[in-house]
Amino acid sequence: MTQTLTPLPPTERVHRSARTRRATSRGRPGWSASVLLIAAAVIGPVAVVLIDVANGGLPDWPRNLGDMVVTTLLLMAGVGVGTLVIGCGLAWLVTAYTFPLRNVLVWLLVLPLAMPAYILGFVFLSTFDAAGPVQQWLRSVLGEGVQFSVSTLGGCVVVMSLTLYPYVYLLARAAFAEQAPSTYDAARTLGAGRGRAFFRVLVPLARPSLAAGLALVMMEVLTDFATVQYFGVQTVSVGVYTVWKGSYDFGSAVQLASLVMLFAVAVLAGERLMRGRARFTQQGGHGRGLQPERLPAGRGLLATAVCLLALAAAVFVPVARLIWWAVDHARGDGPPALDSGFAQAFSNSVAVAAIASLACVALALVIGHAVRLGGGRGLRAAAQLTTFGYAVPGAVIGIGTLLMFAWLDRALEWGGIQGGTGLLVTGSVVGILYAYAVRFLGPAYQAIDASYQKVPATLTQSALSLGARPLRVLGRVHGPLVRSGVAVALVLVAIDAIKELPLVLLLRPFGFTTVSVWVYQLAKENLWGLAALPALVIIALATVPVFILFRQVRAADAQVRGGRSRRSR
Amino acid sequence: MTTTPALVFEGVSKSYGAVPAARDLDLSVHPGEMVTLIGPSGCGKSTALRLIAGLERPDAGRILVAGEEVAGPGTFVNPEKRRVGLVFQDHALFPHLTVTRNVECGLHGAHGLPRDQRAARAAEVLELVRLGHLAGRYPHELSGGEQQRVALARALAPRPAVVLLDEPFSSLDENLRAQVRTELVGVLRETGTTAIFVTHDQTEALSIGDRVVVMQAGRIEQADTPYRVFEEPATRFVASFMGDADFLRAHVHHALLTCEIGVVSTVPGWADADVDVDVVLRPHEVALTQEPGRSGSGAEVVAVDYHGAFVLHTVRLESGQTLRSWQPHSVRLPVGTPVSVSVVPGITPTLMVGDRAMVSPPDTIARDDHSPDHA
Amino acid sequence: MRASALLATGLALVSLSATAGCGLFGEDEPADLQVYSARHYGSEEVFKQFTKETGITVDFLGGENAELLERIKAEGSDSPADVYMTVDAGNLWNAADQGLLEPLVSSTLDQAVPEQYRDSQDRWFGLVLRARTVLYNPDKVSESDLDPKDTYAGLADPKWKGRICMRDTSEAYTVSLVASLIDLYGREKALDIVKGWVANDVDVMANDVLLIDAVDAGTCDVALVNHYYLARELVDRPDLNVKLYWASQEGAGTHVNLSGAGVVKTSDNKDQAQELLEWLATKGQDDMIEGNHEFPVNQDVQPDEVARSFGDFKPMPIDAEAYGALNADAVDLLAEADYK
């Protein structure tokens, strides 16, 4: 029952990889068609925009394109390294050791995800930049000379690393916890210390998860507009907005956006490359595995401090600042920060987030399942394409959705159907939900696919040969086995959906407001007193799924531990 | 006898890209028969299994399960609709289901049972593998051998036409393996199940199978009873793969087989032959006699391997060819001992011309231009 | 089976929200007028007041300029939009240029809105004005340091090295200011000015309030800000250590920009839409500047107290066509000058 990770000879390797990843060579037409359909639906809006723009002829590239590309690459590299170090390091800390507050910190560390970038950017700068309280205090202590700008590429890398590391942290933690204990034991008996076993065995084995997390981080970096703009970092995405809004040149903007997508394709290809040709399906394995070790008091407190420090910049300081503003506002005689309209916006946010996350998870399960059932290169490429929407700036997806439904509308009217689709997209939430699915299928599929990788293909084959139809295999075997991935996917999409702004702004029907639109409109006018309390509500709302996720993860951990020793459930 | 075969391969071929994994396979398996598929790794035995299960689609040929065409030109039946059970090396039990639930899995499907009969059938097959008392456990709470028996029970529950076992014992400890094997084979025999074992262990293949199918490079080299595969290998590959074999250059003339060690035996019916052959000698067929006072050149012992009950001696003949010989454990000749070599009486050794065994005398004319089929 | 518990919770929440009638599928009864507005602040109160006075109900949809424009275009003849309201003269020009706005014949509007603040074909009308001018820290700068003729150009003087801060290039405020400089001086001179700012290590910030904070804290001596941000901050923090300076008073005047509106061509209620515009330009002017400190376009209406406290000033004449047409040049010029 020991794992052998020796590379196989070439011919054998071809067989093996086909064997472990896919249950059969052939696939099922129905399931494969579903994947193609989903891929088409995801690509649709982007394709429509590209076609629309190409019809107008190719515009000139902006003259500072080279700088923007270099800046984008530097930012990606910086944030990539930053999130990897922070995310992986913290995951190791909470997996391998116990220290004060560890059980709370385990899930608190995911919280930076709950912070919308358009809030964080302002709060961070107003706190830490030259005119902010921190530097004012430094000046009062150290003298007038102390003055430095944090709105630089370096500052941006730091802030984005601190807010985006949870993607890596979440997936790395799951990977460390799920690894077969025998692997770790084997490394220890080969004379590796805890740290060495970590770097030489656990980290390489967690590579698929790390790659998936890193890919999500890269996508976020690529499409981010709010944070980078606050830090004066001119990425290609900033260029998209500048050209669009400054020059009224939608064509050039889309052309730039397609460059962003090109980066994204490179990221996705890089992710596959990083997963490598080696396969990581693991089976059973008995042993003690990685058991958390209690740190002595001094070092334990140090570990706690490290975790709190990571949280400070991304969570505690902004939350404290928001609370301060909210209280300040409540003391004044301005209008109340929350009213019935906000309650409406709140329930809208909850509903959209719930529907979007369920829809994305359902679609992601269909894709993961279809790929597992087998099929050719084309199918796998289509599956990969469905994650692509995450790398497209929200506004482009929004416009694409508008245009696509406009085409459909015209086509229907041309075909003699009175009124066509009518105002399907912007007259109801259909447009928003569609665009959400396009944009957030990426994180959902990444999380679920990572779980599928850990289900041996022999299980699928057994289930099929026992006469279970594919749908039943999904419900009875795959579903339960990938449920940790499902939970992660639900949470990631829910949080993103709560925070999402450009899509809602663009596609919402009359009278439909979400909390993020609410906060954004106030923040845009710099009415932070009014925006603070609703912003805190967003953060609190996004904390709920994070908390649910961790209760689930802890239960699963307990089950694994109990199961290894005797029995569980 | 005109019973429908449980499994038929007709000219089945399959390749992965440019790599052929099954070439023109023909095979027919009777109901209740136990067949072992053996060969070195990459020989195509697992591919054959996957083709039967419906996990791969053949490029050419037809496959029939219990008389029904499950794969062929224009037909392909999905795995869940085939009456084929699968047992894997890693057991592939569903970790989130209890033993009973695992077994009941196959009773919901296409060849399943009505709800009220499922529990009874599950209990029945679990009794069969003597695991009734563990029905409520989860897979991770069982030993490797128990897991394997659950996997078998699960595969048997829907009464498949064929059960396929993919190296089912190779994940078990050496000492557990024999016991589990006996139990498993016992259950299969008891239920009259048609079974196909894939294995790479020669002893296992010979002891389990009613028939052994030896494969190499995607082809069936020989499909025959264990006895004949061992005693009358059809090809040089089968001779050397199924047990130890040495090949000595020899000559048949006037029905007499002679080689470096003298006359080996008579070859009835080869009276007119005058032909060069290789004779296949297995270590248990080679006898040694010490020649203490011999001076000058001759055969001598070059290696001695102690195996407990028997001792394997390797002898180099004067020509430089080597032969191996099993000796009782009391005989341990030191390296360098001069010996004379003979063949134990009463055997009919296999003769090879090129890579193929010769069972009837070749035309004398044809003798020189015989060429091997393949390398 | 915790995943299924999660799913169940999600579904429960959805149905809860749906039954709560949260408007997930849009409003049941649309109002008389649908306004697409890139201007959020206080709009709700303005329209409430309008409904109160006229009985015409209004729904408004806040959004971003460019996105709302694309949305109207994509919705085509199905679009419910009656009025498009936005915050930049360039945007108004662009919407008209793309043929989305209906020319209006209205003596009320012609009378209320001075000619330079409306479209030559009366497709859109300015409603309120904002000025982008200089803010300085009186401890670090005296008024005489600033060039009274070409104040914006004067900030390119090397004496301001390391002392100025402005907004980023992706902000429309920056782009339209530079467009007005191109209009005023020609591209070459305008490029020299922006290059001068860059050579002075202009500290680019992403928010006007951050600019005000920086001048107040003295980490920056001079900034360019919109007057109403200062007005709002002064209401909350009267002791800010900053002073407003009306730029280029002895020259072309201070850079101003418009918020305005037009009636959408595909509107099915153009009469009432026009009525809304007329009301906004006359009786509604006070409501529009309420708490917002902008300058009304209607000369009969007084700015509010805080705005008045900044003193009278000479605005730079607005040429919306030039702003709109020159915006792309401005973006290109900012890139060429390596302005962030």
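Two residues are taken to be in contact if their C-beta atoms, placed from the backbone, lie within 7 Å. In this predicted model, local features need pLDDT of at least 70 and side-chain atom pairs count only at pLDDT 80 or more, whereas totals for chains, interfaces and linings use all residues. Residues are numbered from 1 along each chain as its sequence is written, while chains are lettered from A and ligands numbered from 1 in the order in which they are written.

The contact between chains A and C takes 68 residues from chain A and 63 residues from chain C. On the side of chain A that touches chain C, helix H15 (residues 340-373) of chain A gives the most, with nine residues; helices (H or I, at least four residues) and strands (E, at least two) are DSSP runs, numbered from the N terminus. This side of chain A comprises 34 nonpolar, 26 polar and eight charged residues. Ala, Val, Leu, Ile, Met, Phe, Trp, Tyr, Cys and Pro count as nonpolar, Asp, Glu, Lys and Arg as charged, and the others, Gly among them, as polar.

Chain A also meets chain B, with 27 residues of chain A in contact with 31 residues of chain B. Two or more residues each are given to this side of chain A by helices H1 (10-21), H20 (457-465) and H21 (470-481) of chain A. The largest share, seven residues, comes from H20(A). By class, the side of chain A that touches chain B has 12 nonpolar, 11 polar and four charged residues.

Chain A itself contains 25 helices and two strands. Among its contacts between residues at least 6 apart in sequence, 84% join residues at least 24 apart.
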